[in-house]
Structure formats: structure tokens, C-alpha cells
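Subject: Structure for your review

Dear colleague,

Please find below the structure that I promised to hand over, followed by notes on what was found in it.

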Amino acid sequence: MNYKIEGDNSPILTVFLNKNELLSAKVGTDSWFSQNICEISSADNIIDALKNGLSADRLFSRKYTSCADNAEITLIPDVSPCTIYPVEVSDNTPILLAPIAFFAASGGAKLTSYMSKTFGEKRFELCEASGSGTVFVQLRGGIIKRTLAENEVLIVRAEHLAACSKGCMTEAYQSGNDIMLKISGGEIILSTAKNV
Amino acid sequence: MQYKIDGAPFPYVTFSLENGESIECQKGAMSWMTPTMKMETKTGGMGQLLSRAVSGEALFKNKYTAEGGAGEISLAASVPGNIIAMEVQPGKAVVAQKSAYLASTLGINVSVFFQKKLGAGFFGGEGFIMQKYEGTGTVFIEVDGTAVEYELAAGQSLLIDTGYLVAMDSSCSMDIQSTGGIGNALFGGEGLFNTKVTGPGKIWLQTMPLTSLASSLQPLLASKN
């Protein structure tokens, strides 16, 4: 699988698939694709995630496969202005992802529910992306990438978190009407606008 | 204190504070911060509370202070656009549109500014209530779209369509001017009046007022009915 991300504040993602390669993408984001994209269905791994408690409206995706080499599909985020950012995941380097930030994933990436917590009327959810592949996140606005040292802590308003290394999200708590996250020791990806 | 504004068109401002230094900001503006930043909610007394209520701001401001070491705090804008920093000094106050305030250094007093000219209040696009920033320090305001600055000489005027004026030095005056004739008003698409701002002083304009953006999007949104 190869891909290219083009555009500035309203970017598009074009993914090139070889025969039998898979791609999962958020529903409604497929904008045009070649005729050798031969199978489109609900993505099993996403269904698993939904069964594990994540909100259906947050993480409903479709699966695309290619019946020949050089198939091509272009995805456009359902928010604008925004940023598309690719993250490589493996079983040794899983990430935690805000479901609303999920955009697409290569077939080897596996998504499962990691956390679903309610604070008053608000709900905070995270899923875990592992396996082996690329996960594409979509962020409202721009992207901030930070690497936190082991004992370095950052307090983040929940709506700004797109993704982080597994293990660095240490606490989610309520502060007034807001949900705050305590993050330490790892890579984090923040959105400059609230992902709601 | 140092600051950095970055990320347009979804901008954020990051403050780096030494131990004991503080900033004030609009309620709910904090996006991420180091744990050394301590929050305190301020009303500023009944006068300022009422002032903020009528000027369209949240009733409470938050004060963040670096305690136990240096700290960092980032505030993100609420709509696509820009954040601009403006210096305020004694005798050089700034008047801004409602809801422009994002943050300020200590020493800035945010109060209500009443537009006394009836015509400008009714037809100027900013209403009768605006905000006034006085004191000594830096104010950070939100701008819808791109910010454009003009320095007007004494007596020099600029005609501005409704909603495009973000802020002006308090030395500037604001009035309205007819777009000229019923035909222009009905068919020119510019409304009945323009806002006329006259120097001396600096003015800040915005290229995409939220109200204009909302009007453009409204026909595309499905009606609830």
C-alpha cells in the first residue's frame, strides 16, 4: 500500500492498493476510486470495536479491497479545515486514538475499544490501534506533535487529543463541565481545534 | 512571559511563564498546559461581572499562574481565523467587538464600551455594546478569518461593511454612512449603511466575520422542519 496526502487546509488522502490489500475508512469519506476496487463492506475489526462499547456514530467504517494491482481510492475528511496525519502502528507500538479522529487504516491495523467512561452527561472514549499497518487520523484545524519525557506531564482538554502512545494516558478526570486528561511519557498528537 | 501564536487557520497561542507569572483568559479557553499551571476563577467584583455579562463575554475569567516552577499553557481559538496580540498602554486603550477577548497579561482591565451614537449602534454592525481594553500589557483577541491592519491618520476615514471591524484604538471614532440610494440598498447587496471609522489610530479588520460565514452556510444546512 502506498499513499499520498495532498492539499493544505482541506486535504485529501489517496491510497494505492495492490491486489487483495485492504483499507478501512470512515463512512462517507470515499470520494472517488478506480474500478479495480472490487469489494466494499463493513469492516469486521471496527464491528468488533463497536461491540466492545465504542459509540457507533463515532467509529463506523467501511472496508475496501482491491482485485488488481494499482487500485486507487481517494478519501476526503468530513471536516474542514483539517489535517490528515499517518501513524505507523505495530503490536509493540500501539497507539490510543480518539474515535472521532479515526479516518482510515490499512488492513493490518486492528482497532479495539480501550476506554469508555462517562462524566455526568459527557462521555470519553478511546480505542487502541495495534497490529501492523498505518492508521490515518483526521484532526480539525492543525496538528501539534509533542514528545513527553517519562516524568513530564501535560494536562489536555479531552477534545484536543487525537492520539497518543499507549501507556502515556494516565488519568481522565472531570474539571467543572470539562473532561481533562493527564498525559505523561510518550508521543501525543493534539488538534488545534476541538474535535467534537 | 513569552508567547507564540501559531497554527492558523485554527490558531493557538502558547504562553511560557516563569514561576509566579500569570495570565488571564476567557473561560474555557485552556486547551493544554503543564501541571505547574494553577487555575483561579475570577469575577472581578459585581461591576466587572455585569460589564462582562452585557458585553457578551462569559461571566467569569480564569487566571492561570505558574506555581512551583516555570509553566506553559496553550489556548486555542474557537473558530477558524487568527489570534492577534495588541499592546495596550495608559492613554492608548483599544475598543473591540463583543466576544473578541481571548486572553491578556495581568494589568489589563476589560470593560464594557457603550456606543453612544444611535446610528452606529443600530446600523454599524457591532451593536451598542463593545469591549474596551485599558491598562498596561498585552491583549490577545480572536479574529474571524485573516486580520488586516490599517493606520489611519487624523481625519482619515475608512468605510467598512457590517461585521468586518474587529477593533480600533479608542482614539478612532465610529459612525455610519449610507450606501447611497434605495437602489444600492436593495440591489447592491451591501445593505443600507456602511460603518465609517475615522482616525487617528490603528484599526483591525477581519476577512470572514462569523455572521457572514453562517449566512453563507445557512442555505446548505438541512432545515429541522
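How many bridges join strand E13 of chain A to E4(B), and in which sense do the two strands run? Strand E13 (residues 143–157) of chain A is joined to E4(B) by two bridges, and the strands run antiparallel; here two strands pair if DSSP finds at least two bridges between them. Within this pairing, A:Val156 stands opposite B:Trp32 in E4(B).

Before going further, please keep in mind that this is a predicted model, in which local features need pLDDT of at least 70 and side-chain atom pairs count only at pLDDT 80 or more, while totals for chains, interfaces and linings use all residues. Residues are numbered from 1 along each chain as its sequence is written, and chains are lettered from A and ligands numbered from 1 in the order in which they are written.

The contact between the chains

The contact draws 14 residues from chain A and 13 residues from chain B, where two residues are in contact if their C-beta atoms, placed from the backbone, lie within 7 Å. On the side of chain B that touches chain A, strand E4 (residues 30–33) gives the most, with four residues; helices (H or I, at least four residues) and strands (E, at least two) are DSSP runs, numbered from the N terminus. That side of chain B consists of ten nonpolar residues, three polar ones and no charged ones, with Ala, Val, Leu, Ile, Met, Phe, Trp, Tyr, Cys and Pro counted as nonpolar, Asp, Glu, Lys and Arg as charged, and the others, Gly among them, as polar.

Chain A

The secondary structure of chain A comes to 16 strands and one helix. Its radius of gyration is 16 Å, close to the 16 Å that the globule rule gives for 196 residues, so chain A is as compact as a globular protein of that length; the radius is taken over C-alpha atoms, and the rule is 2.2 Å times the number of residues to the power 0.38. Along the principal axes, the C-alpha atoms of chain A fill a box of roughly 50 × 35 × 30 Å. Among the contacts in chain A with a separation of 6 or more, 75% are accounted for by residues 24 or more positions apart.

Of the 196 residues of chain A, 44% count as buried, a residue being buried if 20 or more other C-beta atoms lie within 10 Å of its own, exposed if 12 or fewer, and partly exposed in between, with C-beta atoms placed from the backbone. Strand E3 (residues 22–26) of chain A is mostly covered, since four of its five residues are buried. E3(A) is joined by five bridges to strand E6 (residues 61–66) of chain A, in the antiparallel sense, and A:Tyr64 in E6(A) is the bridge partner of A:Leu23. E3(A) is also joined to strand E10 (residues 102–106) of chain A, by three bridges and again antiparallel, with A:Ala104 in E10(A) as the bridge partner of A:Ala25.

Two sheets in chain B

One open sheet of six strands in chain B has the order E11-E12-E9-E16-E19-E14, with antiparallel pairing. Strand E11 (108–114) and strand E14 (147–152) stand at its edges, each with a single partner strand, so one side of each is left without a neighbour in the sheet. Inside this order, strand E9 (residues 94–96) and strand E12 (residues 129–135) of chain B pair over three antiparallel bridges, and B:Val94 stands opposite B:Tyr133 in E12(B).

Another open sheet of six strands in chain B runs in the order E5-E6-E3-E10-E13-E8, and the pairing is antiparallel. Its edges are strand E5 (37–42) and strand E8 (81–88), each with a single partner strand, so one side of each is left without a neighbour in the sheet. E8(B) is joined to strand E13 (residues 137–144) of chain B by eight antiparallel bridges, and B:Met86 stands opposite B:Val139 in E13(B).

A residue to look at

B:Val166 is found in strand E16 (residues 165–169) of chain B and is buried, with 25 other C-beta atoms within 10 Å. Leaving aside its neighbours within four places in sequence, B:Val166 is in contact with residues including B:Ala96, B:Ile141 and B:Trp204. B:Val166 and B:Ile141 are 25 residues apart in sequence, and their C-alpha atoms are 9.0 Å apart in space.

With best regards
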